[in-house]
Structure formats: C-alpha cells, structure tokens
Amino acid sequence: MSLSKKHIMLVDGMALLFRGFFATSFRGNFMRNVDGIPTNGVYQFLKYFLDAVEKFQPTHVVVCWDMGSKTFRTEKYEQYKANRDAPPEELIPQFDLVKEIVTLLNTPNIGLENYEADDCIGTLACHYKDEGQVTILTGDQDILQLVSDHVQVAIMRKGIGNYEVFTKDNFYEKLELTPQQIIDLKGLMGDSADNYPGVKGIGEKTALKLLKQYDTIDNLLLHKDELTKGLQNKLDTDLEMLYLSRDLAEIKCDVDISCELSTEHWSFDAVALKEELETLKYHSLAKLFN
C-alpha cells in the first residue's frame, strides 16, 4: 500500500464512551450482561465506532484514551476541570471493558499518564499526516486546532451518523478563524467546560473581534494602546491568566508515544469477535455483529 493511500482514523475513546453512556442511560435503564456488569456505554460506543468506520472508510484505526483526571494541566492550574462530576458508578467498570473490546477489534489503545487523549491524538496526527490522510473522530471542539492540510476533524453531532467535518478548506468559512487561532480564542475567553477563565470580562464575541483584527494574542498585546481603556484594564488585570489559559488550551503534539501502522489494511474478524463476546456473556454486544 502506498503512503498516499493510507487513511488513518484517530478516535477520541472517552468522547464516544461518555456520549454513548449518557445517550442510553438518561432514563435510568442500564443495559447489563448476565453477571450484572453494565454494558450500555460500550454498546453505544461500538455503534458509533462501526458507523464512523463505514462512513469514513479508514485503512487504519487507533483509539486514544485519557489515563486519569490528573495531568500536567492540573499541575499548572489546580482548578482545571475541577467542575466535573465523578463518573457514574455504572460507567466505571466499562472503562476497562471498552478497551478489551477495542483490542478484539484489532485496534490499538493508546494513552499516556499525565496527558489527555487530545495530546495523544495531536502527537499521532502530526506523525501520521506525513503518511496519508488523517481523520479525527470526536465530540470535542478543542481538537479543531489540529486541522491542517492532511488532518480533518469529524465532530459528532446529535444521533448516529451525523458528523460535521472540518477541513483546512472549509475551516474559515465555518468559524471565521484559523485552526491555530482556536488556541488564542480559548486564551482570551477561557473555557467553562474545562474550568479555566481566560480574561474576565472578555467573552466569545469580543475575543473573535480582537483576533480578527490582531490575529494573535501576542500581536494584540503589542497594540494594546489601540484598545479602549476598559479592555486594556481587563488584559492588564488578567495577563497571567491569559497566558496560562492559552497554554492550557494548546494540545501538545510532542508527547512520548508512538504507534507504528501495519502495512496491511486494518480489519477485524467479526465472527471471532462475536464468539468471544458470547463467551464473555456480552450477548447484547454480540448482536451488533450478526
């Protein structure tokens, strides 16, 4: 297979698992196997995964995972993601189960302690884009900063099979920003989901306006005297948090991981997988491979 024909799909495993869990458990009905182990999140993860494979037709697939709530970002800012609740107890046993299923799908599980899945995805995307096309599958818009010539991001929208695909060609039309400006946007306005504030008093509308005019945070600060006194005061007051927020927002693309792709086209044995799932008493999961 020539390098140009490779199409690598990088999957944000936690995004799919959490999305699948809450999509199927909002009424309190948890799918379980015969031993009482919850499987609803894994079941829906598989449905999302298989649909994306059919949609994007990758030649290779890698799934990346968070490896705990503590990372280098929480070391820099203790309140980072501190607003998030602990995972529901029914989801906890599914963390290991879903990785077992991914392995049965003949797909690598990649994660690194002290880093987030996004950092693993960013590192692999930067490596793989020299080998072919990369599609990142996620529900997290932070990862849009990785869009480039050979890297596209498929954001999962409501339901199965509904994706919004961001490419280098359509990016500015959709967001009126460049991928790199996503980092500076978060630096200015913060991110309530990840629980860092940016510059107090600067919201998305003002941040977008400033970046359209000055392109980057660094250039904005060089021309700070052109701003209103109110904006100058806000930047001066929260200058340290501005830099910290920008640093927290940036996905690291140089973490110490690697995952060499086989020269063969990715595939898995659906019959063998179904048999294994039946043996493990995951009968509802096995039905997906009828």
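**View 1. Strands β1 and β2 run parallel, joined by five bridges.** Strand β1 covers residues 6-12, and strand β2 covers residues 60-64. Strands here are DSSP runs of E with at least two residues, helices are runs of H or I with at least four residues, and both are numbered from the N terminus. Two strands pair if DSSP finds at least two bridges between them. Which residue of β2 is the bridge partner of M9? The partner is V61. This is a predicted model, where local features need pLDDT of at least 70 and side-chain atom pairs count only at pLDDT 80 or more, while totals for chains, interfaces and linings use all residues. Residues are numbered from 1 along each chain as its sequence is written, and side-chain values use heavy atoms, with hydrogens and water left out.

**View 2. Six strands make an open sheet with mixed pairing.** The order is β3-β2-β1-β4-β5-β6.

View 3. Contact means heavy atoms within 4.5 Å. Helix α2 (residues 40-56) lies across β1, β2, β4, β5 and β6. Helix α2 runs at about 50° to β6.

**View 4. Helix α11 has buried residues covered by other helices.** Helix α11 spans residues 239-249. Buried there are M241, L242, L244, S245, R246, L248 and A249. Buried means under 20% relative accessible area, exposed over 50%, and partly exposed in between (1.4 Å probe, protein chains only). The cover includes α3 (72-76), α7 (181-189), α9 (217-222) and α10 (229-237).

**View 5. D35 and K281 meet in a salt bridge.** A salt bridge is a side-chain nitrogen of Lys or Arg within 4 Å of a carboxyl oxygen of Asp or Glu. Side chains of opposite charge can pair when their charged atoms come close. The structure holds 18 salt bridges. In the D35 and K281 pair, the distance is 3.6 Å, N to O. This pair links distant parts of the chain, 246 residues apart. D35 is in the loop between α1 and α2, and K281 is in the loop between α12 (270-279) and α13 (283-286). K281 is partly exposed, at 36% relative accessible area.

**View 6. R73 and D119 form a salt bridge.** Their closest N and O atoms are 2.8 Å apart. R73 lies in helix α3 and D119 in helix α5 (residues 117-128), so the pair ties together parts 46 residues apart in sequence. Are these two residues buried or exposed? R73 is buried at 2% relative accessible area, and D119 is buried at 0%.

**View 7. The structure holds zero disulfides.** A disulfide is a pair of cysteine sulfur atoms within 2.5 Å. The closest cysteine sulfur to that of C64 is in C120, 5.4 Å away, which is too far for a bond. C64 is buried, at 0% relative accessibility.

Key: Axes are lines fitted to C-alpha atoms, for helices over the stretch in contact, and angles run from 0 to 180 degrees between N-to-C directions.
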